[in-house]
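Take a moment with the sequence and the 3D view. We will walk through the fold one piece at a time.

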Amino acid sequence: MSKEISLDAVDRDILFHLRQDGRLTNVELAKRVGLTPPPCLRRLKRLEETGVITGYRAVVDPEAVGRGLEVMVDVEVSANDLKTIGILEETLSSYEEVVELRRMFGRPDYFLRVAVADHDAYSAFLTSKLTGLPGILRVESHLTMQKIKTDS
């Protein structure tokens, strides 16, 4: 069952401009999409109420906050009981360094995006927090050479 909302060209234009700058005023947004402010605000409210727009947030420079190294981590698990899996997911989710955690179909079982200050900090995270967790079979780290495209 799909929860896809029907969007027209103006709705898509609104979303485009908000992805570029989420702090646009309604007046400026209306001007950019070719509407007057009241209908633009109604469309914006509808996009929020239907869950198309789920929130607004600041995009933070990782290096400015001591998180300049991002590592993609594949994790395979050996456990197949729900209790161990639940504890593992709860533990991984609690780590400040883990900025994204996904359970995958197939292999790897989990995909983590880890943000730390540098290689030494990642090594410390790997040895003190990740390695040895109950249920983990294998961990494989991937360091980024260059970011080509990111959508925040």
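Predicted model: local features only at pLDDT ≥ 70, side-chain atom pairs only at ≥ 80, totals over all residues.

D118 caps the N-terminal end of helix 5. One of its side-chain oxygens lies 3.2 Å from the backbone nitrogen of D120.

Between these ends, which residues of helix 5 are buried? They are Y122, F125 and L130. Look down the helix axis, and these buried residues fall within an arc of 55 degrees, so they line one face of helix 5. The face turned away from that buried side carries exposed residues: D120, T127 and S128.

What covers the buried residues of helix 5? The cover includes strand 1, strand 2, strand 3 and strand 4, along with helix 4.

Four strands make an open sheet with antiparallel pairing, in the order 2-3-1-4. Strand 2 (98-103) and strand 4 (136-143) are the edge strands, and each pairs on one side only. From one strand to the next, the twist averages 20 degrees.

Zoom in on one pair. Strand 2 and strand 3 (residues 110-116) run antiparallel and are joined by five bridges. Here E100 stands opposite R113 of strand 3.

Next, set the helices against the sheet. Helix 4 (residues 82-94) lies across strand 1 (69-77), strand 2, strand 3 and strand 4. Helix 4 runs at about 155 degrees to strand 2. Helix 5 (residues 119-130) packs on the sheet too, touching strand 1, strand 2, strand 3 and strand 4. The direction of helix 5 makes about 170 degrees with that of strand 4.

The largest nonpolar core has 20 residues. Which of them touch the most other members? They are V73, L112, V114, Y122 and L130. Strand 1, helix 4, strand 3 and helix 5 each give two or more residues to this core. Strand 1 gives the most, with five residues.

Follow Y122 to see such contacts in detail. Setting aside neighbours within four places in sequence, Y122 is in contact with L69, V71, V73, V114, V116 and S141.

Technical notes
Residues numbered from 1 in each chain as written. Heavy atoms only, no water. Pairing = 2+ DSSP bridges. Axes fitted to C-alpha atoms, helices over the stretch in contact; angles between N-to-C directions. Contact = heavy atoms within 4.5 Å. Core = buried A, V, L, I, M, F, W, Y, C linked by side-chain atoms within 4.5 Å. Buried < 20%, exposed > 50% of the residue type's maximum accessible area, 1.4 Å probe, protein only. Arc of directions from axis to C-beta. Polar contact = N/O pair within 3.5 Å; in protein donor to acceptor, adjacent residues only side chain to side chain.
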